[in-house]
Amino acid sequence: MNNKQNKRLGLVIAFCSFLFINGCKKDEETIVTTENNKGVIVVNEGGFLKSNGSVGIYKPGTSEYFDLFQKTNGRPLGDVVQSMTLINEKYYIIINNSNKIEVVNQSDFKSVTSITVNQPRNIIKVSETKAYISQFDNSMGILDLGSNTISGTINVKSSTENMALLNNKVYVGKAYSDKIFVINTVNNNVVDSLVIGSGLSSIVNIGDNQLAIFCLGAVDFNTGAVTENGKIVFLNKDSVKVERKLTLATGSYGGSLLNNNGTLYFTFGNKSIYSIASSATTGTGTSIVTAAGNIYGFNVDATNGNFYVTDAGDYTSAGKVYIYNASGVKQKEFTAGIVPSKIIFNY
């Protein structure tokens with residue numbers, strides 16, 4: 001073999017080695033991209049007393065969806081997954097009927113600990129060292145975020161639901177009521193209560209030292225007739241009195257509200273999502289999405305304006321998630337878990 005042939009053979013071997021090494025590297029990166037927990041997280045309540053609640057993940061731009069908690073930790077979550085909240089780079093997953101909170105790392109979704117709490121509903125961080133837990137009994141839990149243990153309780157003498165923090169005070173809704181309790185987070189005492197409106201649903205901090213509170217109104221359960229329209233009530237940090245309110249076009253017994261960069265989006269649990277500016281003083285909202293099924297929950301992806309809408313279906317089999325663009329045009333759908341209720345973007 002002459003020198004020219006040796007040189008050519010060396011180049012061929014070097015080129016093949018380059019392809020082999022880079023080919024392996026590319027495959028490894030693909031596996032990591034597929035298996036990590038970045039994407040759209042779906043909280044699925046599961047059936048009541050069925051212990052089949054789950055937290056799954058969908059990869060945008062693909063058809064990939066799987067049960068993230070089960071796959072990562074090798075066990076199911078439990079009975080009625082109520083909510084999930086990110087605090088200090090950990091997700092706190094509330095499992096209401098199983099009387100516990102599962103804590104997982106945001107980075108890998110691996111279990112950190114499980115906290116026993118009687119009928120928890122929601123959790124909110126109130127300082128660097130503690131969080132409040134709303135519960136379906138006569139007290140609220142105080143969670144030590146350092147040890148992830150219950151350090152005390154707040155006696156509110158009522159079941160509680162949604163919460164929002166504003167100016168060192170937590171505003172928490174009394175379950176099945178028109179009332180909000182105001183809690184001083186420095187001494188953990190109830191300092192006031194407010195009557196807001198029938199069907200009190202969502203309490204949202206919308207910035208500029210304001211809260212927006214969504215009230216569903218009232219419905220005659222025998223006839224289905226709306227007897228009181230819903231409304232959005234605004235409070236500010238300087239007063240526990242109502243600053244202003246918007247009376248909406250109808251009422252319902254289900255629905256929710258969220259804020260996205262100064263625009264409020266809300267649904268009455270029918271097939272429509274409405275929008276209205278958080279600064280509005282008049283108006284009833286504009287319908288921007290008409291969904292394929294009844295809306296059980298929704299969220300807006302701030303990166304592209306897409307709406308993710310959950311449909312619980314028959315509440316016993318796997319539900320659906322529909323994706324609509326900012327103009328309300330359907331882009332895609334995928335099958336989630338049983339009773340999908342909440343969407344969280346984990347990018």
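Author: Start with Arg 75. Arg 75 counts as partly exposed, because its relative accessible area is 28%; the class runs between buried (under 20%) and exposed (over 50%), for a 1.4 Å probe and protein chains only. This is a predicted model, in which local features need pLDDT of at least 70 and side-chain atom pairs pLDDT 80 or more, while totals for chains, interfaces and linings use all residues. Residues are numbered from 1 along each chain as its sequence is written, and side-chain values use heavy atoms, without hydrogens or water.

Now find the partner. Glu 102 has a relative accessible area of 2%, so Glu 102 is buried. The side chains of Arg 75 and Glu 102 form a salt bridge, with 3.0 Å from N to O. The term asks for a side-chain nitrogen of Lys or Arg within 4 Å of a carboxyl oxygen of Asp or Glu. Where do Arg 75 and Glu 102 lie in the chain? Arg 75 is in the loop between helix H2 (68-73) and strand E4 (81-87). Glu 102 is in strand E6 (residues 100-105). Helices (H or I, at least four residues) and strands (E, at least two) are DSSP runs, numbered from the N terminus.

How many salt bridges does the structure hold? There are 7. Take Lys 320 and Glu 333 next. Their side chains meet in a salt bridge at 3.5 Å, N to O. Lys 320 belongs to strand E28 (residues 318-324), and Glu 333 to strand E29 (residues 330-338). So this pair ties together parts that are 13 residues apart in sequence. Lys 320 has a relative accessible area of 28%, so Lys 320 is partly exposed. Glu 333 is also partly exposed, because its value is 33%.

Back to Arg 75 for a moment. Arg 75, Lys 100 and Glu 102 form one network, joined by salt bridges that share partners.

Another salt bridge joins Lys 125 and Glu 128. Here the closest N and O atoms are 3.1 Å apart. Is Glu 128 buried or exposed? Glu 128 counts as exposed, because its relative accessibility is 61%. Lys 125 counts as partly exposed, because its value is 27%.

Charged side chains can meet rings too. Lys 71 lies over the face of Phe 66, at 4.4 Å from the ring centre. The charged end of Arg 244 sits over the ring of Phe 234, 3.8 Å from the centre. The rule is that NZ of Lys or CZ of Arg is within 6 Å of the ring centre and within 35 degrees of the ring normal.

The structure holds 14 aromatic pairs. One of them is Phe 266 with Phe 268, an edge-to-face pair with 5.9 Å centre to centre and 85° between the planes. Rings of Phe, Tyr and Trp (its six-membered ring) pair with centres within 6.5 Å; planes under 30 degrees apart are stacked, over 60 edge-to-face, the rest tilted. Phe 266 and Phe 268 are both buried. Follow the ring pairs further. They link Phe 214, Phe 266, Phe 268 and Tyr 274 into a cluster.
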